Amino acid sequence: MYHFRKKELIYIFQKDFKVKFMDAWRGFREGVWCDRINVSNFIKLNLTQYNGDSSFLAPPTVRTDIVNKRVKELLIEENEKGGVLSIDTDEVITVFSHKPGYVDKERDLIVGLQTDEPLKRGVSPFAGFRNAEQACEAYGYEISDKIKDEFKYRTTHNTAVFKAYTDTMKKARHAGILTGLPDAYARGRIIGDYRRIALYGMDYLIEQKKYDKKMLGEREVLDEETIHLIEDVAKQLDFMYDLKDLAQRYGYDISKPATNAREAVQWLYFGYLGAIKEQNGAANSIGRIAEFLDIYFERDIREGVLDESGAQELIDDLVIKLRLVRHLRTPEYNELFAGDPVWVTLSLAGISSEGRSMCSKTSFRVLQTLYNLGPSAEPNITVLWSEHLPQGFKDFCAKVSIDTDSIQYENDDVMRRMYGDDYAIACCVSAMKMGKQMQFFGARCNLAKVLLMALNGGKDEIEAGQVAPEGKAFDEEVLDYEEVVTAYKKYLSWMARLYVNTMNIIHYMHDKYAYERLMMSLHDTDVERLMAFGVSGMSVATDSLSAIKYAKVTPIKDDRGVITDFKVEGDFPKYGNDDDRVDLLGKEIIEFFYKELCKTPAYRGAKHTLSILTITSNVMYGKKTGSTPDGRKAGEPFAPGANPMHGRDSQGALASLNSVAKLDYACCQDGISNTFSITPEALGSDDDNSILHLTTMLDGYFAQDAHHLNVNVLNREKLIAAMNDPTLYPSLTIRVSGYAVNFNKLTREKQEEVISRTFHQAM
């Protein structure tokens, strides 16, 4: 946080800053944001709250339709070429690697592409050269000799990580007990506060960073962390200057604040564009921007230089650019994160700390893009839900969900307690204070597989190798619940230590070899760091413990002496039916694991957070996991996120939601993902009833302090038809696990898994 005294600010900026900014800030209410970087204060003082309905919204303009038609043609061509339109293998993608690119130079309102052509992907080997090389080869390309020579003697993040990994870390990774680690690709999940560029201009932001660097150097003791931070700020400054130059190449001067709505959108987008040109990490989200931009729209409308059609057109054009974001990925990456997602998560609405709605007309305008441009997985639109939001906005959200299946909901009333009212979501469910917190992303560990290792004395049930420390292997007799839980917790404690230490290595090396200079320059210098851990297989582990406790479970060993199957006699309560006997078993395991994680210090003093989130990796996790005591057979998919296992939540939609709502966000502050599917008939017989039932359901679910809900309103039969004939529903978008995908971009295997999930036919 920047703590400049007023007299210092006047001394530095009175002549060169404040006078020049008078026009850019005309009509805005003054506050502390005028004296130091504080976008939140600016929004609170200047936001025009909107409590009406969606009747004011405008359809697409002719210009928007023409540009969008061109984009759809490109998307079809991309799909016909196997998912990648083209790759530039001659240049490493950087801020300046490509000449300015446009969708339609004469018609683009908001300009800028990652490369010089829409959907052309760039090669970014900084996180891992072999990873980039394999991605090119998978699509029939070869990295140029020029790039090979450039990286011949360069240490990449991936190379450094594997030099530092212990043998145990490598074994855990190979066995799939730790999977999806960002050790071969850029880590992502960092949200630059791109709003700062529009509000203050780059020159002011640069001067602030220079001041911070100066103050760091004047500390009495330059310890290791201070020296690290000085180097970080120096790197940030380099890229702040580069961003000014990038904008200049498109003909814009972002050194000064934006003076109108179009400039505000463009300035903000240049920041995001520079960030994704520099880094190809997953979930480099764009943040909480709609309400900020609405202030500029409202001023232009008051001044008579913008109407509603023009405001919507600017948002439509911004969203078109966000839909074109692409990174080069390997098939293995796509196995984990199916559907080619980039998670340009855009957070909407919420309530201020003073209890005032932050819903604006631009909150509506962002949702309207799903009609004007058609449904889409990107940007990953996330509504920060509160029962106190205006009913008109809640009703429109419900309508959009029913019509498009393209948005998700997260509990603002819960997150606001911990993050204040100026936070945003990265990826799917990860909250961070805008510009004040960053995250060290960390994938997840397999809770079901840890249980099997506990039963096998630390051996992997697939390959029979010793991965964890050797312990007691359970015999072929009925399992005793207390003995199993004792062994399970012992191995969870081991897993937690290994997990934190693995993450510490990864992020030390990423900072050293692939630091996100531009994104981090748009944070406070003394940023708070979060380290995000995650789990998969929660419902499998929970049901397995329930089976051991309430039924008779006998292990079955193979000729290697390894437990590979189970005989289950009798019934047992299953997670997802609002039954405390089983639901609280899962809650206890999650809380225990989180506390164990916190016992091992994290890199750079990061705060430990935890998520229950699998993306679409639930299929791959299942492949790497043997048969489990709940009756699930080897190789079968897990449920996504915190969901009950497919078909086991048999008591209706509300019972299923109630089970998930029991999980405590306080120990899962990286998020609790719940993907929910309900048939249209179950919601109501007409549009008004369906909207009423969905908003009521959301209010009731979140009133229990539940965290997240993906909503799909569709029939299984529609998905089966789309799987068998992709031409029937070419733009069909569904929520999968914290994000949305175009259904046709999923592999057949993942389509079948989605189809096998529970589709609630009754409330």
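## Arg416 and its surroundings

The side chains of Arg416 and Asp413 are joined by a polar contact of 3.1 Å; a polar contact is a pair of N or O atoms within 3.5 Å, where, within protein, one must be able to donate a hydrogen and the other to accept it, and residues adjacent in sequence count only if both atoms are side-chain atoms. The Arg416 side chain also makes a polar contact with the side chain of Asp412, at 2.4 Å. The model is predicted: local features need pLDDT of at least 70, side-chain atom pairs count only at pLDDT 80 or more, and totals for chains, interfaces and linings use all residues. Residues are numbered from 1 along each chain as its sequence is written, and side-chain values use heavy atoms, with hydrogens and water left out.

Arg416 belongs to helix α17, residues 412-419; helices are DSSP runs (H or I, at least four residues), numbered from the N terminus. With a relative accessible area of 18%, Arg416 is buried, a term that means under 20% with a 1.4 Å probe and protein chains only. Not counting residues up to four places away in sequence, Arg416 touches Ile351, Ser352, Ser353, Asp421 and Tyr423, contact meaning heavy atoms within 4.5 Å.

## Asp630 in a loop

Asp630 is located in the loop between α23 (618-623) and α24 (653-661). This residue is buried as well, and its relative accessible area is 6%. The side chain of Asp630 reaches the backbone nitrogen of Arg632 at 3.2 Å. Beyond neighbours within four places in sequence, Asp630 is in contact with Val540, Asp543, Ser544, Ala547, Phe572 and Arg648.

## The crossing of α13 and α15

Helix α13 (residues 308-323) and helix α15 (residues 361-372) have axes that come within 9 Å and cross at roughly 65°. Such axes are lines fitted to C-alpha atoms over the stretch in contact, with angles from 0 to 180 degrees between N-to-C directions. Residues of α13, including Ile315 and Val319, meet residues of α15, among them Val366 and Leu370. The residues of this contact divide into five nonpolar, five polar and four charged.

## Confidence of the model

The average pLDDT of the protein is 93, and 97% of the residues score at least 70; pLDDT is the predictor's confidence in each residue, from 0 to 100. Over residues 1-14, pLDDT stays under 50. Where pLDDT is low, the predicted coordinates should not be read in detail.

Conventions. Helix = DSSP H or I, 4+ residues; strand = E, 2+ residues; numbered from the N terminus. Nonpolar A, V, L, I, M, F, W, Y, C, P; charged D, E, K, R; others polar. Buried < 20%, exposed > 50% of the residue type's maximum accessible area, 1.4 Å probe, protein only.
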